[in-house]
Amino acid sequence: MDFSQLFSQSGQQPLHADMFINGRWHSGDHPRIEVDNPANESLLGTIGEGGEDIADAALAAASRAQRDWGRRPAIERGRLVARLAAEVAAHSEQLAHIISLEQGKPLAQAQGEVEAASNFLDYSSHWARRIEGEIVASDNPHEEIQIRSLPVGVVVALTAWNYPAALAARKLGPALVAGNTVVLLSHEITPFSGLFIAALAERVGFPPGVINVVTGRGAQLGRALVEDPRSDLISMTGSTRAGREIFRSAADELKILRLELGGKAPFIVMEDADIDKAVAAAVTARYTNCGQICTCNERMYLHESIADEFSEKFVAASQRLTIGDPFSNPDLGPKVSRVEVDKIDQLVSSSVEAGAQMLLKGGPLNEGDYANGYWYAPTVIETRQNTSPLITQEAFGPVAVIQRVSDFEQALAFANDSDYGLSAYVFTRNMQRLMRLPQELRFAELYINRSNGEQVQGYHSGWRHSGIGGEDGKHGFSAYLKKQTTYLNWED
């Protein structure tokens with residue numbers, strides 16, 4: 001696949017991308033989906049709208065390849081994944097360029113995403129010599145119990161549009177090293193990152209069928225991949241709505257599911273916190289990637305004694321943020337689509353109608369330099385109701401909501417009053433409070449006195465409506481293995 005058309009600012013024809021199935025680029029006679037640049041609405045290219053026939057071809061290739069791939073020594077699989085990590089790093093400039101074009105992320109942040117993608121792959125490659133089994137004592141004479149870790153089989157990877165390269169690498173790395181083959185559905189809004197990684201995998205020399213990257217819509221191609229009996233594990237990052245649909249689609253075949261879904265992270269700041277540090281962290285955790293991160297600061301609970309100081313500093317910092325062309329490295333690029341702009345604007349309107357106070361009126365930008373594209377300026381509101389739409393519904397954009405609390409107990413109660421359980425933030429110096437948090441905050445990922453940003457050796461997971469299963473670290477890697485128990489008796 002020739003991606004050179006995406007690396008020119010003007011004068012090039014749109015890229016008409018194919019899919020990567022069984023080691024070859026597959027065009028086929030399918031309808032085309034247009035992919036635009038969210039910064040100016042120009043046409044970047046088109047992708048094939050795959051359906052059941054593409055699901056069949058990709059899963060057939062992955063199924064055929066899995067037996068030999070799973071039998072390879074793990075160290076050989078790990079070396080190929082390490083080479084893919086190196087290729088991603090070597091092509092970081094090109095891949096970051098693609099991410100900024102299709103997703104709208106500022107170039108510096110896109111480069112950070114590419115670094116994360118390479119890191120996910122490289123980290124996974126080192127697990128090749130850490131796949132372990134057990135020998136357990138038997139109750140019977142002349143017998144032992146052997147417990148092995150084996151590949152699950154064929155993994156279907158469904159990724160979100162907010163981090164198209166990093167999320168693909170996050171799933172590909174451990175799945176491949178564990179001995180599984182993968183069919184990756186590259187999101188139709190941001191498909192070129194996944195296809196570019198497929199091109200790098202082709203350069204590395206993965207056997208045909210081990211990595212397959214297809215394009216289409218989740219409701220059609222995604223459903224076909226999930227429901228097909230040949231897919232053994234579904235690893236998906238996306239919305240809670242999509243997660244529920246996958247859960248239903250996978251029910252008949254009792255598929256193994258790993259779903260990382262939406263979040264509504266509370267950001268608690270108590271009276272003893274370092275306010276300047278908390279404000280800086282809140283700004284980073286709210287506005288990075290235009291607020292399009294599942295672990296973003298989604299609702300701030302401020303102790304009433306410091307609420308005025310924090311709010312003034314947070315609003316001032318929000319006003320200073322720059323918005324513009326991703327290639328000029330502003331603080332914020334565009335939202336990814338018009339639908340996303342309309343969604344968060346409706347949330348703001350509903351919250352104000354319900355009584356929230358506007359502290360910083362940002363909102364949609366559509367004039368001058370922002371006449372084309374999907375722009376939304378930082379917006380800050382304050383509410384006194386924990387039932388406000390911006391408190392209960394995921395914004396996924398540059399909109400911050402503040403609510404005052406009288407004490408730590410109220411902050412915990414408000415924070416836990418949510419269907420989501422992905423991440424939470426707390427700023428306090430009180431050791432008793434800090435020690436209580438793991439038992440009393442109902443969230444799988446806690447950021448204490450720091451901003452967001454998980455690490456590969458940790459474990460990224462969600463509770464309740466934020467998902468099932470998780471990724472990263474030893475626990476994420478083990479999710480791509482299944483256990484087999486052998487009772488070995490050698491008595492004559």
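A salt bridge here is a side-chain nitrogen of Lys or Arg within 4 Å of a carboxyl oxygen of Asp or Glu. Keep that rule at hand for the tour. What you have open is a predicted model, in which local features need pLDDT of at least 70 and side-chain atom pairs count only at pLDDT 80 or more, while totals for chains, interfaces and linings use all residues. Residues are numbered from 1 along each chain as its sequence is written, and side-chain values use heavy atoms, with hydrogens and water left out.

**Stop 1: the two domains**

Colour 4–261 plus 466–485 as domain 1 and 265–455 as domain 2; these bounds come from an automatic or database domain assignment. Their C-alpha centres are 31 Å apart. Each domain puts 28 residues into the contact, where contact means heavy atoms within 4.5 Å.

**Stop 2: where the domains meet**

Together the two domains bury about 2,200 Å², with carbon and sulfur atoms giving 54% of that area. Buried area is the accessible area (1.4 Å probe) that two parts lose on being put together, summed over both. Now select Glu41, Trp161 and Ser466: in domain 1 they lose the most area to domain 2, together 23% of what that side buries.

Next, show α3 (92–103) and α4 (107–125), the elements that give two or more residues to the side of domain 1 that touches domain 2. Helices (H or I, at least four residues) and strands (E, at least two) are DSSP runs, numbered from the N terminus. Of the elements on this side, α3 gives the most, with five residues.

**Stop 3: a bridge between loops**

How many salt bridges does the rule find in the model? The count is 25. For one of them, select Arg217 and Glu49, whose side chains meet at 3.2 Å, N to O. Arg217 is in the loop between β10 (211–215) and α7 (218–227), and Glu49 is in the loop between β5 (43–48) and α1 (52–71), so the pair ties together parts that are 168 residues apart in sequence.

**Stop 4: Pro31**

Which residues does Pro31 touch, leaving aside neighbours within four places in sequence? They are Ile47, Gly48 and Glu49.
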